[in-house]
Amino acid sequence: MPLNSVNTNTGAMIALQNLQSTNAELGVVQSRINTGKKVASAKDNGAIWAIAQGQRSEIGALNAVKDSLQRGQSAVDVGIAAGESVSELLVQLKEKALAASDTSLTTSARKALNEDFKSIRDQITTVVSNAKFNGVNLLDNSITAGFKALSNATGSTITVQDENLSLGGANVTLAATATIGTASLATAALGVINTSIDNVSSALARLGTGANSLSTHLKFVSKLQDSLETGVGNLVDADLAKESARLQALQTKQQLGVQALSIANSSTSILLGLFR
């Protein structure tokens with residue numbers, strides 16, 4: 001091919017190819033700076049994008065896990081608060097029953113104690129029936145399988161067993177119709193109440209253990225989610241300091257490319273001097 005030709009300008013072709021390559025690199029760097037990511041879509045790096053997308057789905061699923069654990073925490077907290085109230089009411093009932101077991105009481109005094117006893121007894125039913133959070137009541141035997149909170153993204157669960165604190169139930173064995181109208185009834189009620197107090201204390205201990213289990217797992221899930229987010233960032237986030245340096249270098253290279261193309265395009269005009 002002739003070195004001096006007006007039909008084919010090899011220098012301009014080479015300069016144009018280099019300028020196009022520089023512009024393409026500049027476009028990539030500008031995209032990374034705009035998005036803050038070196039892998040913003042599948043076309044940037046299909047394998048890395050697929051891995052990151054999978055981890056993003058895991059992070060999203062863990063949000064649902066955290067919500068479930070937090071609902072479980074709230075339900076158990078409400079149950080514990082109500083259970084502590086039941087325990088306090090049982091202590092008051094014990095005091096009334098013990099006082100009523102005194103055979104020297106007058107009829108009017110015994111009647112007053114019995115009325116107080118029945119009022120406190122009925123408060124237990126009120127407390128238990130209102131120990132609800134989001135429709136979940138762990139104290140009235142309405143959830144026989146306990147509360148199941150999600151523990152991971154695959155649907156596994158952590159179970160907190162319910163505790164029946166209703167009158168006449170497995171823990172509060174005092175009957176809903178119990179009275180202390182006589183010394184013998186008061187003595188019998190006293191023994192039942194002592195047993196109920198012990199049972200309720202054990203039930204509250206179990207609920208407390210369940211609450212701690214949910215709290216511990218919630219902290220773990222939060223840390224796991226943070227670790228996954230950091231891992232995704234390591235895969236797809238751009239090093240902006242590095243990209244800034246590359247941007248300046250490519251902008252300079254672009255300017256030089258434009259000048260090189262201009263020089264290559266002007267070379268053919270030199271041939272005119274040969275014909276003067």
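A salt bridge is a side-chain nitrogen of Lys or Arg within 4 Å of a carboxyl oxygen of Asp or Glu. I began with this term, and I keep in mind that the model is predicted.

**Entry 1: charged pairs**

I searched the whole structure and found seven salt bridges. In general, side chains of opposite charge can pair when their charged atoms come close. I looked up Arg121 and Asp122, whose closest N and O atoms are 3.1 Å apart in a salt bridge. I noted that Arg121 counts as buried, at 8% relative accessibility, whereas Asp122 counts as partly exposed, at 37%.

I then turned to Glu163 and Arg206, whose side chains meet in a salt bridge at 2.8 Å, N to O. Glu163 lies in the loop between strand 4 and helix 4 (183-236) and Arg206 lies in helix 4, so this pair ties together parts that are 43 residues apart in sequence. Glu163 counts as buried at 7% relative accessibility, while Arg206, with a relative accessible area of 42%, is partly exposed.

The next pair I checked was Arg246 and Glu243, which form a salt bridge at 3.9 Å, N to O. These two residues are separated by about one helical turn, because they are three residues apart in helix 5 (residues 240-270). Arg246 is partly exposed at 30% relative accessibility, and Glu243 is buried at 5%.

**Entry 2: two asparagines with positive phi**

I looked up Asn134, which has a positive phi of about 55° although it is not a glycine, and which lies in the loop between strand 1 (132-133) and strand 2 (136-137). Asn134 counts as exposed at 61% relative accessibility. Asn141 has a positive phi near 65° and lies in the loop between strand 2 and strand 3; with a relative accessible area of 40%, Asn141 is partly exposed.

**Entry 3: Gly36**

Last, I placed Gly36 in the loop between helix 1 (10-35) and helix 2 (46-100). The C-alpha atoms of Gly36 and Asp237 are separated by 6.1 Å, although these residues are 201 residues apart along the chain.

Terms used:
Residues are numbered from 1 along each chain as its sequence is written. This is a predicted model: local features need pLDDT of at least 70, side-chain atom pairs count only at pLDDT 80 or more; totals for chains, interfaces and linings use all residues. Side-chain values use heavy atoms; hydrogens and water are left out. Helices (H or I, at least four residues) and strands (E, at least two) are DSSP runs, numbered from the N terminus. Buried means under 20% relative accessible area, exposed over 50%, partly exposed in between (1.4 Å probe, protein chains only).
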